[in-house]
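Here are my notes on this one, in the order I'd go through them at the screen. Have the structure open while you read.

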Amino acid sequence: MRKTDKQAAARPVIEFSRVDLSFGDRKIIDKLDLTVREGEFVCIIGPSGCGKTTALRMAGGLVNPTGGSVGVLGEAMLKPRRDVAIVFQDYGKALLPWRTAHGNISLALEAAGVAKAERGDRIEHLLEKVGLPGQGDKYPAEMSGGMQQRLQIARCLAQDPKVLLMDEPFGALDAMTRQTLQDELLSIAADTRATVFFVTHDLEEAIYLGDRVVGLLPDPGRIGTMTEIGLPRPRDQLSTREMPEFLALRRSLFDFIEKAEA
Amino acid sequence: MRARGLLLPLLLLVAAELGMRLSGTQSMALAAPSDVFLSLLSAIGDGSLLVATRDTLTVAFAGLAIGTAVGLAFGILFGLVPPLNRLMEVTIEAIRPVPSVALIPIAMLALGFGYRMGIAIVAFACAFPMLILTRAAIAGIEPRLFEVARALRLSAMQRVFKIILPAAFPRIMVAFRLAAGIALVVAVTVEIAANPLGLGYGILIAQQALDPARMLAYLVWIGIVGYALNWALVGAQHGMFGRAGGAEARQ
Amino acid sequence: MTFRGNLPWRIASFAVAAGFVLLWQWIADLKLVSPVFLPGPDRAWNALVAGMTEGDLATKLVATVERMIWGWLIASLAGIALGAAIGISPRMRAYVAPMLEFLRPLPASAIIPVAIALLGLSDAMVLFVIAFGALWPVLLATIHGFSAVEPRLYEVGAALGLTRRQTIMKLSLPSASPDILAGMRLGLTVALILAVVCEMLAGRDGLGNWILLSARSFRAPDLYAGVILLGALGFLSSVAIDWTEQRLLRWRARAR
């Protein structure tokens, strides 16, 4: 499945090359160089103000760099494209409150011009895939936070994305729900072979999920560390987290964050 | 940023001025902005505009005072005594939808023309929003406050004056501002429809006298009065709740 | 209001209202208030029935309703279209909104004389005034609704690749719909008021003219019949809006 040695050969999917970003006089990102390869799961960590969310927004085409270039699938990423899906942290704002779960997923299909007759089956299938079977008639307000985030992921999957950009998607959820969703995300990523760019402030989450963890330093945002995660897959919430490598990685990244925040 | 907001009105004024001057139109409905302005000055100069303003504001404020007092009293009563509120519901909902202007002919018969007629109709129009919103303000008080009152062993009177009214006050002020806006609108409307006094009557007379500049001068003046009233009320509200209830007052 | 025992309260509430009608009857019978301007409910009711069956009260009612509805529909369509165009663009708002804020407190009835000067005492004048007056609440509410759309939704729309048209129809418009409906509710009230005032002033056939003429000729029961009809009209239009809101904004009720 995901083997680090194979990835060296895989083609690059997200390419930051000497990316600068300034708002007025303030430099947010400084000469960021980063390549994410096909099928890779890269986690971005760093203290607040390191520009990790901004980097994700640039990869999604929501923000354009003031210097250098951001490319996705070989094209400059100047505006969003349909095969790059974004999962926002604030699912409460990113879902349409006036549409049911069914309708929210349908929005992505409508945007892609999928025929009406075809939508129903695909929506049911997607709801099942994210663990919401039979919940299509519920409005977001009637769902728990975990369910809403599952729904947002389902809507993103409806885009048939080659790239999933996830901005602290589980940050607002309780610990149990978060672990369940982490495992489901891993199996979805394995199924769809999508490339994942995952921003988080949770070190353990980054190690548990990622093939590679990139640590950013703040003011201005730049790369501070880059760590390959060699933990075997499929991963397991109990045994993986007890492995000596896991603990060693956690230790070294924790030291990095502590220094970065100092 | 304010400059951008002024651009459009200025452009419209210049366009209207040029349009009237260049075409030399002699209209019964339109006048060049400069003529309207001169007419406004002369109406202020001869005192007629100020007398009309006084009459309209007298009706609006007196009606507002009576209407909001009645609405406030019943709103508090219904808010504090839910059974009474539920018993009166049908009666209130039956009277409330009557458009205030439908009372003009009744007021004509009962009160004749003059201040009293205008005041009665303005009061009717202001009372209902005040009642409904006061009732809602009291119903919307944080229940924890009632627990606090009970824990402090406050008497019924103390509860009303120390907890309930202060808690509902910001929203009651919002209701008052709404009622004040309604008061001016209804006062002018009654004058235009029937009552021979005030700004509404003035604009109607100017139209019948085929004096478009004067008619439009009255229109502009009514707009200024409305804007000034609104501005004063918003200002008063911010002054009162600048710190404690600013967020709620701005709703 | 889903307390248990709702129905008994409802019945009691109707009983109280009936009590007030009886009180009114009693006051009228004892002539505590001059019958010239306070006929009893019996006489008002008889006048209402007679007017609807034998007289032309029904025609007047239809005339007023038609004016109100047409003016309101025109105002709503124009208000939503203009409001969407202004509300969706921050630049447009910066230029236009201050002027609209200045015009907002202007009583709509004040333009009646201007409309008369322009269009005469015609039905077109009445329609113009109603549409103009009802436009403001819809326009301002729509601008507010469109400018208050959650920015995250636009990012979602961009990520999904929605076209501009789709973004407006599928994101902005539904998001603004609670505001728009609130504006339309206010607009309908304004439309009824202006319809009545214009009919009084311009002598156009309708309930406004009917109640004014009844008062002038001291036919108090006819006057009250007209006022009752106007009250019913106001009540029914508010019920219609309630019903529409409940259907269109079902998602809001569920959120509570």
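This is a predicted model: local features need pLDDT of at least 70, side-chain atom pairs count only at pLDDT 80 or more; totals for chains, interfaces and linings use all residues.

1. Start with strand 3 (residues 41-45) of chain A, which runs parallel to strand 9 of chain A and is joined to it by four bridges.

2. Strand 9 (residues 212-217) of chain A has another partner to look at: strand 10 (residues 222-228) of chain A, paired in the antiparallel sense over six bridges. Here Leu216(A) sits opposite Ile223(A) of strand 10. Is strand 9 of chain A mostly covered or mostly open? Mostly covered, with five of its six residues buried.

3. Chain A also has an open sheet of four strands, in the order 2-1-4-5 with antiparallel pairing. Strand 2 (26-37) and strand 5 (75-76) are the edges; each has a single partner strand, so one side of each lacks a neighbour in the sheet. Strand 5 of chain A is held to strand 4 (residues 67-72) of chain A by two bridges, the two running antiparallel. Across that pairing, Val72(A) faces Glu75(A).

4. Over to chain B and helix 5 (residues 104-111), where Ile104(B), Pro105(B), Ile106(B), Ala107(B) and Met108(B) are buried. What covers them? The cover includes helix 6 (115-139) and helix 8 (156-193) of chain B, along with helix 9 (207-216) and helix 10 (220-248) of chain C. After helix 5 of chain B comes Gly112(B), with a positive phi near 70°.

5. Now the largest nonpolar core, which counts 219 residues. Helix 8 of chain B gives the largest share of this core, 18 residues. The core also takes at least three residues from each of domain 1 (4-83 + 161-261) and domain 2 (95-160) of chain A. Which residues touch the most other members? They are Ile121(B), Val122(B), Ala183(B), Val129(C) and Val197(C). As background, nonpolar side chains in soluble globular proteins tend to be buried together.

6. Neighbours within four places in sequence aside, Val197(C) is in contact with Val101(B), Thr189(B), Ile192(B) and Ala193(B) in chain B, and with Ser109(C), Ile112(C) and Gly208(C) in chain C.

Definitions and conventions: Residues are numbered from 1 along each chain as its sequence is written. Chains are lettered from A and ligands numbered from 1 in the order in which they are written. Two strands pair if DSSP finds at least two bridges between them. A residue is buried if 20 or more other C-beta atoms lie within 10 Å of its own, exposed if 12 or fewer, and partly exposed in between; C-beta atoms are placed from the backbone. Two residues are in contact if their C-beta atoms, placed from the backbone, lie within 7 Å. A nonpolar core is a set of buried Ala, Val, Leu, Ile, Met, Phe, Trp, Tyr and Cys residues joined through C-beta atoms within 7 Å. Domain bounds come from an automatic or database domain assignment.
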